Amino acid sequence: MFLILMLAIMLFTACSHPKQARVNVPPPPPPAAEITPQPEPQPGASIPPAPETHVSPAPKAAADLTEPTLPAEARPLATETGFASWYGPPYHNRRGSNGEVYNMNAMTAAHREFPLGSIVRVTNLKTGHAALVRITDRGPFIPGRIVDLSLAAARKVDVVQPGVAEVKVELMQSGAPLDSAGKWAVQIGGFTDEKSATELADHLTRRYRTAKVLRFASPAGDWWIRVRVLDDDHERAQQLVAETTTPEGAVFLVRLD
């Protein structure tokens with residue numbers, strides 16, 4: 001009986017306290033790998049593009065200052081002897097007769113009658129030094145001189161120091177056929193003042209009604225007259241040279257092309 005009573009008490013106690021359910025709590029996750037925080041873009045800011053590889057533009061080609069070249073079989077087409085001079089400032093960086101800007105450091109020259117673009121060989125008759133130059137301008141307009149050299153060419157043929165030297169000029173390659181008509185004019189000057197140039201220009205305009213008479217100042221400060229005859233004809237220009245006299249300066253036949 002006592003045993004039955006004890007069993008009843010134990011059963012009653014167990015029923016008065018409900019058993020708690022077991023909860024399996026999962027273990028904490030392993031620590032995440034450390035990540036370097038990135039700055040957030042500011043409002044309105046754009047994401048910078050990937051760096052570009054900048055290629056510097058090719059430098060502008062320098063003016064060709066070297067001496068012209070000729071075929072080995074080239075032979076003179078024409079030859080003349082006279083005095084050479086040279087010109088630099090104030091003509092440097094000014095436009096020449098062929099439209100190019102004159103560079104006194106290039107191997108070029110001025111000649112009154114050889115076609116523009118021609119290549120000539122200039123030889124100093126005293127020293128024997130020679131140079132090939134390209135004709136890019138018109139001149140010299142001083143009696144007795146046949147070629148005006150750039151500073152670079154004058155150095156090569158020993159003209160810089162004396163200023164003037166006797167030379168042989170050989171036309172090695174012509175810029176146009178020598179038998180072509182060409183465009184010719186008469187150049188008169190230089191005059192020391194504008195008034196003298198204007199008076200002669202007015203006189204020539206009245207005398208040669210079909211000619212176009214131009215009056216202009218040179219970079220050196222003197223004044224010049226250029227008379228373009230009808231059709232730029234060579235024979236008409238030669239006739240005008242023979243008929244014209246001036247108390248100041250000189251008269252020259254000049255080819256324009």
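Colleague: Which residue in E6 stands opposite Thr 81?

Modeller: In this predicted model, Thr 81 has Lys 168 of E6 opposite.

Colleague: What makes strand E1 and strand E6 a pair?

Modeller: Two strands pair if at least two bridges are found between them.

Colleague: In what order do the six strands close into a barrel?

Modeller: The order is E1-E5-E2-E4-E3-E6, with mixed pairing. On average, neighbouring strands of this sheet are turned by 45° against each other, direction ignored.

Colleague: Why is Asn 124 called buried?

Modeller: Buried means under 20% relative accessible area. The value for Asn 124 is 4%, so this residue counts as buried. Asn 124 belongs to strand E3, residues 119-124. Its contacts beyond four places in sequence include His 129, Val 157, Asp 158 and Val 167.

Colleague: How do you know that the side chain of Asn 124 makes a polar contact with the backbone nitrogen of Lys 126?

Modeller: The side chain of Asn 124 reaches that nitrogen at 2.8 Å. The limit for a polar contact is 3.5 Å, and the value of 2.8 Å is therefore within it.

Colleague: Is Ile 225 buried or exposed, and why?

Modeller: Its relative accessibility is 0%, and buried means under 20%, so Ile 225 counts as buried. Ile 225 lies in strand E9, residues 223-228. Among its contacts beyond four places in sequence are Val 186, Phe 191, Leu 200, Leu 204 and Phe 216. Phe 191 is 34 residues away along the chain, and the C-alpha atoms of Phe 191 and Ile 225 are separated by 8.9 Å.

Colleague: What is the mean pLDDT of the chain, and how many residues reach 70 or more?

Modeller: The mean is 82, and 75% of the residues reach 70 or more. Over residues 1-63, however, the pLDDT is below 50, and this stretch has one contact in the model beyond near neighbours in sequence. Where pLDDT is low, predicted coordinates should not be read in detail.

Key:
Residues numbered from 1 in each chain as written. Predicted model: local features only at pLDDT ≥ 70, side-chain atom pairs only at ≥ 80, totals over all residues. Heavy atoms only, no water. Helix = DSSP H or I, 4+ residues; strand = E, 2+ residues; numbered from the N terminus. Axes fitted to C-alpha atoms, helices over the stretch in contact; angles between N-to-C directions. Buried < 20%, exposed > 50% of the residue type's maximum accessible area, 1.4 Å probe, protein only. Contact = heavy atoms within 4.5 Å. pLDDT = per-residue confidence, 0-100. Polar contact = N/O pair within 3.5 Å; in protein donor to acceptor, adjacent residues only side chain to side chain.
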